[in-house]
Amino acid sequence: MSILKEFREFAVKGNVVDMAVGVIIGGAFGKIVSSLVSDVIMPPIGWLIGGVDFKDLAITLQEKQGETEAVMIKYGAFIQNVFDFLIIAIAVFGMVKLINSLKKAPEPAAPAEPPAQEKLLAEIRDLLAKKQ
């Protein structure tokens, strides 16, 4: 029974639940960003460079032969994924920057009043410095 108890304690820890929520939301956010890039951003870019659809860019190493599929290097899909990554990175950077700006740094505390002994020693030091 101790293994089940340990697993239950592990599974319901705040950090594990927070991480699971983050992964789920991150997956949904990734789909939104992928759609933004592939459906909104990339079509105008393809149109501007001559009607090229990045998804279709590929180098064919071997043509389709019978039932064997063609062997292709799909560098257009790679370019698409790079754009997806850049958009996600910019969005995450913006969110982190926003969250950090909302967190206010605590005001630095005023310096504490020095004890009476230190005040007296400072006065003695200043008087001795004047005599010399």
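In helix α3 of this predicted model, three residues are tucked away from the surface: Gly76, Gln80 and Asp84 are buried. The helix itself runs through residues 75-102, 28 residues in total. From its first C-alpha to its last it reaches 41 Å, close to the 40 Å expected at 1.5 Å a residue. The UniProt record (an unreviewed entry) marks residues 77-96 as a "transmembrane region", and gives residues 12-33 the same annotation. As modelled, the span 77-96 is 100% helix and 0% strand, with its end C-alpha atoms 28 Å apart.

Next comes Gly30, which sits in helix α2 (residues 14-48). Gly30 counts as buried because its relative accessibility is 18%, and the cut-off for buried is under 20%.

Ile59, Leu61, Val71, Ile73 and Tyr75 make a nonpolar surface patch of about 440 Å². Two elements, β1 (59-62) and β2 (71-73), each give two or more residues to that patch. Take Leu61, found in strand β1: this residue is exposed because its relative accessible area is 57%, and exposed means over 50%.

Helix α4 (residues 116-131) is hardly covered at all: the count of buried residues among its 16 residues is zero. Its first and last C-alpha atoms are 23 Å apart, close to the 22 Å expected at 1.5 Å a residue.

As for charged pairs, the structure holds two salt bridges. Side chains of opposite charge can pair when their charged atoms come close. One of the bridges links Lys119 to Glu113, with the closest N and O atoms 2.8 Å apart. Lys119 is partly exposed, at a relative accessible area of 39%, whereas Glu113 counts as exposed at 60%. The other bridge joins Asp126 and Arg125, and here the closest N and O atoms are 3.3 Å apart. Asp126 is partly exposed at 40% relative accessibility, while Arg125, at 53%, is exposed.

How far can the model be trusted? The pLDDT of the protein chain averages 82, and 98% of the residues score at least 70. Among the elements, helix α1 (residues 2-11) has the lowest mean pLDDT, 80, and β2 the highest, 92. Where pLDDT is low, the predicted coordinates should not be read in detail.

Conventions
Residues are numbered from 1 along each chain as its sequence is written. Side-chain values use heavy atoms; hydrogens and water are left out. Helices (H or I, at least four residues) and strands (E, at least two) are DSSP runs, numbered from the N terminus. The expected span of a helix is 1.5 Å times one less than its number of residues. Buried means under 20% relative accessible area, exposed over 50%, partly exposed in between (1.4 Å probe, protein chains only). UniProt positions are given in the numbering used here, feature names are shortened, and annotations may be inferred rather than shown by experiment. Patches are made of residues with over 30% relative accessible area and no salt bridge: like charges are joined within 9 Å, nonpolar side chains (Val, Leu, Ile, Met, Phe, Trp, Tyr) within 5 Å. Accessible areas come from the Shrake-Rupley method with a 1.4 Å probe; for residues, only the protein chains shown count as cover. A salt bridge is a side-chain nitrogen of Lys or Arg within 4 Å of a carboxyl oxygen of Asp or Glu. pLDDT is the predictor's confidence in each residue, from 0 to 100.
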